[in-house]
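This briefing is for a reader who has not seen the structure before. Please look at the sequence and the model first, then read the points below.

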Amino acid sequence: MRKNVLITGASSGLGAGMARILAAKGHNLALTARRVDRLVALKAELVEANPTIEVVVHELDVNDHDQVFAVFKMAIGELGGLDRVIVNAGLGKGGRIGTGKFYANKQTAETNFVAALAQCEAAMEHFYERKAGHLVVISSMSAMRGMPSAMTTYAATKSAVAMLAEGIRSDLIGRKGHDIKVTTLYPGYIASEMNEAVQKEARMMVDTETGCKALVKKIEAEVVDAAVPAWPWAPIGKVMKHAPLGVVRKLV
């Protein structure tokens with residue numbers, strides 16, 4: 001069991017949902033997010049329901065890269081090491097390129113890619129030192145192709161973090177004496193605060209608990225990559241990779 005797990009972006013949505021499931025399975029947790037009040041409330045909930053686990057919380061804006069490294073080190077000290085890091089913090093702001101939304105797109109690019117890079121760096125430094133660990137990167141089904149309108153930058157960042165994870169995985173090939181795994185997950189439509197205003201995707205959207213259970217199942221299996229939930233997103237992903245762009249537009 002990868003006992004000690006750090007999750008970024010854990011104050012709501014998929015991060016909080018995964019935390020609840022992992023806590024019930026007996027994992028110690030380090031939870032980080034900007035909204036520390038929510039983390040404190042979540043910690044109280046988890047410890048009350050699972051009194052044998054340890055939960056630590058830290059306020060963290062992942063765009064403060066020095067703080068990322070500092071908070072990871074604090075969590076390592078508090079829990080006696082980290083066995084798994086879930087790079088989950090993300091942002092969905094944006095607009096069609098060329099419509100004056102540069103700063104919103106820039107914020108999404110910095111949060112979803114540059115900040116994810118900082119998290120991966122901090123996690124992998126620790127894992128290389130221990131010669132063990134599991135890095136989990138949360139991408140998106142939108143990473144399969146270029147997406148239109150407000151999703152363009154978001155999808156590009158999610159494709160970038162998937163390739164970042166693959167590059168890290170490539171570095172581990174043939175490295176003897178290491179038990180380090182890298183998993184990339186591609187969630188489809190899972191209900192969360194980030195997409196609560198979205199209506200048209202409801203026909204394929206699952207509730208947060210169902211989606212998070214599917215995510216945790218793949219995480220614990222330490223798969224290389226997976227669409228989550230597998231149905232209908234695994235077959236849809238194959239279509240997205242090869243279909244004409246006009247068809248892809250109709251799928252999102």
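The model is predicted. It holds 9 salt bridges, and some of these are described here one by one. Side chains of opposite charge can pair when their charged atoms come close.

**Salt bridge between Arg 2 and Glu 222**

- The side chains of Arg 2 and Glu 222 form a salt bridge, with an N to O distance of 2.7 Å.
- Arg 2 sits in the segment before strand 1 (4–7), and Glu 222 sits in the loop between helix 6 (208–221) and strand 7 (225–228), so the pair ties together parts that are 220 residues apart in sequence.
- Arg 2 and Glu 222 are both buried.
- For Glu 222 the relative accessible area is 18%, and it counts as buried because the limit is under 20%.

**Salt bridge between Lys 181 and Glu 222**

- Glu 222 also forms a salt bridge with Lys 181, where the closest N and O atoms are 3.9 Å apart.
- This pair links distant parts of the chain, with Lys 181 in strand 6 (residues 179–187) and Glu 222 in the loop between helix 6 and strand 7, 41 residues apart.
- Lys 181 has 37% relative accessibility and so counts as partly exposed.

- A network of salt bridges links Arg 2, Arg 84, Asp 179, Lys 181 and Glu 222.

**Salt bridge between Arg 130 and Asp 83**

- The side chains of Arg 130 and Asp 83 meet in a salt bridge of 3.0 Å, N to O.
- Here too the pair links distant parts of the chain: Arg 130 belongs to helix 4 (residues 102–130), while Asp 83 is in the loop between helix 3 and strand 4 (84–87), 47 residues apart.
- Arg 130 is partly exposed, at a relative accessible area of 35%, whereas Asp 83 is buried, at 16% relative accessibility.

**Thr 32, a buried residue**

- Thr 32 lies in strand 2 (residues 28–33).
- The relative accessible area of Thr 32 is 1%, so this residue counts as buried.
- Leaving aside residues up to four places away in sequence, Thr 32 touches Leu 6, Ile 7, Thr 8, Gly 9, Ala 10, Leu 39, His 58, Leu 60 and Val 71.

**Negative surface patch**

- Glu 59, Asp 61, Asp 64 and Asp 66 form a negative surface patch.
- One of these residues, Asp 66, is in helix 3 (residues 65–79).
- Asp 66 counts as exposed because its relative accessibility is 65%.

Technical notes. Residues are numbered from 1 along each chain as its sequence is written. This is a predicted model: local features need pLDDT of at least 70, side-chain atom pairs count only at pLDDT 80 or more; totals for chains, interfaces and linings use all residues. Side-chain values use heavy atoms; hydrogens and water are left out. Patches are made of residues with over 30% relative accessible area and no salt bridge: like charges are joined within 9 Å, nonpolar side chains (Val, Leu, Ile, Met, Phe, Trp, Tyr) within 5 Å. Accessible areas come from the Shrake-Rupley method with a 1.4 Å probe; for residues, only the protein chains shown count as cover. A salt bridge is a side-chain nitrogen of Lys or Arg within 4 Å of a carboxyl oxygen of Asp or Glu. Lys and Arg count as positive and Asp and Glu as negative; His and the chain ends are not counted. The place of a charge is taken as NZ of Lys, CZ of Arg, CG of Asp or CD of Glu. Helices (H or I, at least four residues) and strands (E, at least two) are DSSP runs, numbered from the N terminus. Buried means under 20% relative accessible area, exposed over 50%, partly exposed in between (1.4 Å probe, protein chains only). Contact means heavy atoms within 4.5 Å.
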